[in-house]
Amino acid sequence: MTQTNANATQPPTTRFLDRPHGRIAYDVTGEGPLVVAAPGMGDLRSAYRMLAPALVEAGYRVATMDLRGHGESDTTFGAFDGEAAGTDIIALLEDLGGGPAVVIGNSMTAGSAVMAAAERPDLVAGLVLTGPFVRDPSGGRLAELSLRVMLTRPWGPRVWNTYYAKLYPGRQPEDLQAHRDHIRQNLREPGRWNAFIQTTRTRHAYAEARLDDVQAPVLVVMGDSDPDWSDAAAEAEYIGQRLDGQVLMVEHAGHYPHVEYPEVVTPRITSFLAEEARWTRSERQAQDGHEPEVTPDA
């Protein structure tokens, strides 16, 4: 495992987490309570290039990870779905000290974050779910299958790159083209397009089945113009109710509200981390209605 560059002015050095059949790439910056952020499918951990530095400045240690087959993670895995990503989140939390930590999941990995929180409540201090998929869309199966067919054609990479841009219907960041170019170049590397195609086949029923098992506080962040949903506000309300969480609807934003409108989303996330996250196990037990553990004197 490589070490983080001590020079804060340099980009963080990539670290690798050994998993069965491959490695997950991630980086860590900052000091303080741990936040782990996972991007959506077809994206890179640089999707948090605006949010992560702000959280570090606010006093948090932030780890951003690449999905299996994406970015600098290996393409040698046998599974690339959201459930597998959930196991990687748990493994990374354990490797970074066992938390509790806040997990941020975007799009597909919102479901992965839900699974991690349900499976290992001792590791998770809170969830931030942006543009979240925690269940399969109703009535959207035909559009999903059509996109999947288009992506398997020879022009699939161009289709994805064009579709990705449409997920930013609000204020596009100045570096969006550069970010898209980075994604396109990454998907040209051997094995990555096949891994991405397998990722697109993920289903979200596994996450929906675990919603009632989540004990951690939750913040749902949804763009009101998210093109992945026919009624984004209704989906956000559903998730908020099922998880007894807070909901932030971002006007004009699409699937990446934390990138389109960071001046709206970042302060709400930092407030959630400071006021709602249960950073200690004793705090979690007290808020869940249990007596906190008492450590006996040595």
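**Close-up views of a predicted model**

**View 1. Leucine 127 touches residues from several stretches of the chain, Val103 and Phe272 among them.** With residues up to four places away in sequence left out, the contacts of leucine 127 are Val103, Ala113, Val114, Ala117, Val214, Pro217, Val218, Leu219 and Phe272. The model shown here and in every other view is predicted. Leu127 also belongs to the largest nonpolar core, which holds 47 residues. Leu93, Leu127 and Leu129 touch the most other members of that core. Helix H3 (residues 109–119) gives the most to this core: seven residues. Another core lies apart from it and has 24 residues, including Leu51, Ala52, Val62 and Val250. In soluble globular proteins, nonpolar side chains tend to be buried together.

**View 2. Helix H3 is mostly covered.** Ten of the eleven residues of H3 are buried. They are Thr109, Ala110, Gly111, Ser112, Ala113, Val114, Met115, Ala116, Ala117 and Ala118. What do these buried residues pack against? Three strands are partners: E3 (34–38), E5 and E6 (124–130). Two helices join them: H2 (82–95) and H8 (205–208). Two of the buried H3 residues, Ala113 and Val114, are also among the contacts of leucine 127.

**View 3. Asparagine 106 sits in strand E5 (residues 101–106).** Is this residue buried or exposed? Asparagine 106 has a relative accessible area of 1%, so it is buried; the cut-off is under 20%. Its side chain makes a polar contact of 2.8 Å with the side chain of threonine 130. A polar atom of the asparagine 106 side chain also lies 3.4 Å from the backbone oxygen of histidine 255. Beyond four places in sequence, asparagine 106 touches Ala38, Pro39, Gly40, Tyr48, Thr130, Gly131, His255, Tyr256 and His258.

**View 4. Helix H11 (residues 262–275) has 14 residues.** From its first C-alpha to its last, H11 reaches 19 Å. That is close to the 20 Å expected at 1.5 Å a residue. Its buried residues are Val265, Thr266, Ile269, Thr270, Phe272 and Leu273. Why do they fall on the same side of H11? They cover an arc of only 155° around the axis, which puts them there. The face turned away from this buried side carries the exposed residues Ala274 and Glu275. Phe272, on the buried list of H11, touches leucine 127.

**View 5. Glutamine 246 is in strand E8 (residues 246–250).** Its relative accessibility is 26%, so it counts as partly exposed. The side chains of glutamine 246 and arginine 268 are joined by a polar contact of 3.4 Å. Neighbours within four places in sequence aside, glutamine 246 is in contact with Val218, Leu219, Val220, Arg268, Phe272 and Glu276. Proline 217 is 29 residues from glutamine 246 in sequence. In space, their C-alpha atoms are 8.3 Å apart.

**View 6. The whole protein has twelve helices and eight strands.** Its chain has 298 residues, and 51% of them count as buried. How many of the contacts between residues at least 6 apart in sequence join residues at least 24 apart? The share is 73%.

How values were computed: Residues are numbered from 1 along each chain as its sequence is written. This is a predicted model: local features need pLDDT of at least 70, side-chain atom pairs count only at pLDDT 80 or more; totals for chains, interfaces and linings use all residues. Side-chain values use heavy atoms; hydrogens and water are left out. Helices (H or I, at least four residues) and strands (E, at least two) are DSSP runs, numbered from the N terminus. Buried means under 20% relative accessible area, exposed over 50%, partly exposed in between (1.4 Å probe, protein chains only). A polar contact is a pair of N or O atoms within 3.5 Å; within protein, one must be able to donate a hydrogen and the other to accept it, and residues adjacent in sequence count only if both atoms are side-chain atoms. Contact means heavy atoms within 4.5 Å. A nonpolar core is a set of buried Ala, Val, Leu, Ile, Met, Phe, Trp, Tyr and Cys residues joined through side-chain atoms within 4.5 Å. The expected span of a helix is 1.5 Å times one less than its number of residues. The arc is that of the directions from the helix axis to the C-beta atoms.
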